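Biologist: I'd like to learn how to read this model. Can we start with the core?

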Amino acid sequence: MQTQSAQDVFGFNSVTRFWLGLYFVLMVGALSGPERAVARLAITEAMSSAATTQGSATVVQNSDWWELTNFGTNTIDLTGYKWNDNQGGLLSADPTPFAGLSIAPGQSILFFQSNSPASMSPDQFKTWWGRAFEPSAQAVIYEGNGLSSTGDGIRLWGPDAINDSDWVDSVDFGAAIRGASFVYDPSTGVFGLLSTNGVLTAAQAATADDVGSPGRTSGPVPLVISQHPTNTAVNPGDTAVFSVTARGLPRPSFRWFFGDEPLSGERFDTLRVTNSTPDKTGLYRVVLDNGFQSLTSEVARLTLNAAPEAPVVTLQPQDQNAFTGQSVVFRSMASGVPQPAYQWFFGTRAIEGATQDALTLPAAQPEDSGLYSVQASNASGTVTSREARLLVTRKPRLVITEILPASDTNGPVRGHNDWWELSNLDTFAVDLYGYRFDDGSASLAAAITLTNRVSILPGESIVFVENMTPEEFRRWWGDSNFKPDQKIITYRGGGLSLSSLGDAINLWNGVASEDFDTVASEVFSTATNGVSFGWDAASQTFGGLSVAGLGGAWRSLENADYGSPGFLTNPPYPRILDFQRVGNTYRITWNTEPNRRYVLQSGESLDGSVWTAVETLTATGNVLSREVPMATVRSTFFRILLEP
């Protein structure tokens, strides 16, 4: 048989093949640099709520996890990379799981949580998924930073990241469906599709009813610009904003140009041209590159408004509360043609020298309390901002009085999260709006800001709980055990998930600008699951483990957690602290006051129609416990009465 020549097969002559080979070498060389290699990393899957069943059987819920994939042709050393969820930011991001770790071309790494709800090894992770796990993938442990089942995100930064927006990849996802991972849409690259068994690369796990595709992806997605930058006109001195929106996978890098000149450091999807002047007018464009494709946006023109315009306030100054000696900054901005001049006022008095868009009081004193405003003026008119109120007081005695960093993991009810308690041990109310808090990283930049309009009154304790509604928290601990007006505030974000191995809570007011300028701070050591760290009112110290009947503590209604949310001491009224069936008896424990008499009653219903006295007892301490034979009562409803 006659064989075909190479030319017949490929359709190229020898010269063409030479130039094609040279082009291939040059192209590979161009894509092999570190910047292109980094651009080919992508977050491709995440699971924030694993299954608790396998068929009809109940199983222990496995760990949260997320997947990183290298779509490039180079091995990438991940040492120095960092990650966080959608709350913590770059400063509190975790570099630990990447130390000494490399990701090969075409490989995926599964990062899984080791401490929620139970620890597992990489081999156990692979066993969990069985044949669904891609053999070439890696499984790597991380600690902390659990992914919220109510919605969360993942941010990945490289070693040279300069701010929160300088990520390698970033994804967000909504509320989870138990046992289904989130993946990207193979047609758009948009993250958030739920995995379905047998669809794309998804399959069912071996030891639970989980569905995912750990280690397997649908490949890269073509890069498309969905929204180009648009022409904009601003007043002289104002900031012009250009932005671009793209889809595809891996996510692109950005490089902005003014005319044909690249703009140094402008490598995000948004470009801000500050203090716009005539020399900054002209054409702007952006080049997008994800290592596979390079796209150039349409050009957008920046022009300046020439007609005179009276000023308008575009940023209003805000109310602030400060402690004596703190630095306070009021900020405002106004727009007009020509650019307005500023004058700040304290009440009706013009403040000498305060002629910028920001007013700084370097060491505020109580006599500085009052109303502040700013006037912006140009030849066409004058406008006055809203009045912002400043209140300067001494630093209040706010104390972190309880922390539960690890709930009971043996009970039947899941979804109980970290919480902590703040108490006002001072004599005046404190407005908590704008206060910020963080864990042991003690970083203002990573702190969560309280946006609730809430005050903490003298003697009041407020509970802050992660990713649980007040109703869920009350159900956990028993709604009837709380004070009727108990305040429970929900905060979102695993970035503040407290480590059971030891951590801290740090609290700042709204004007603090230094990490050390806390208003309250507490450190705790290794936690005992289901037992909070509490406050001893007698010794005024923090750190002891809660005990039912002491310091207001009781056993939660759901599972076996012990704490005293909302209480520093036992309430004066009796409260059942623990109720258990022991053999053929019911063991009831309640808090008491010494030398007071208590009546234990049983009833057939909770409507209070018929209650029968079981026993009357006199307390000698802070707790009473009584075992009642089941044969002597007709129901399991009990109540305690305090005799006058």
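Biologist: Which residues have the most contacts inside the largest nonpolar core?

Modeller: A nonpolar core is a set of buried Ala, Val, Leu, Ile, Met, Phe, Trp, Tyr and Cys residues joined through side-chain atoms within 4.5 Å. Buried means under 20% relative accessible area, exposed over 50%, partly exposed in between (1.4 Å probe, protein chains only). Here the largest one has 31 residues, and Leu 398, Trp 420, Leu 422, Leu 432, Tyr 435, Phe 464 and Leu 507 have the most contacts inside it. Strand β36 gives the most, 4 residues; strands (E, at least two residues) are DSSP runs, numbered from the N terminus.

This is a predicted model: local features need pLDDT of at least 70, side-chain atom pairs count only at pLDDT 80 or more, and totals for chains, interfaces and linings use all residues. Residues are numbered from 1 along each chain as its sequence is written, and side-chain values use heavy atoms, leaving out hydrogens and water.

Biologist: Is Asn 506 buried or exposed?

Modeller: Buried, because its relative accessible area is 7%. Asn 506 sits in strand β44.

Biologist: What does the side chain of Asn 506 reach at 3.0 Å?

Modeller: Look for polar contacts: pairs of N or O atoms within 3.5 Å; within protein, one must be able to donate a hydrogen and the other to accept it, and residues adjacent in sequence count only if both atoms are side-chain atoms. That side chain reaches the backbone oxygen of Asp 439, and a 2.6 Å polar contact joins the side chains of Asn 506 and Ser 521.
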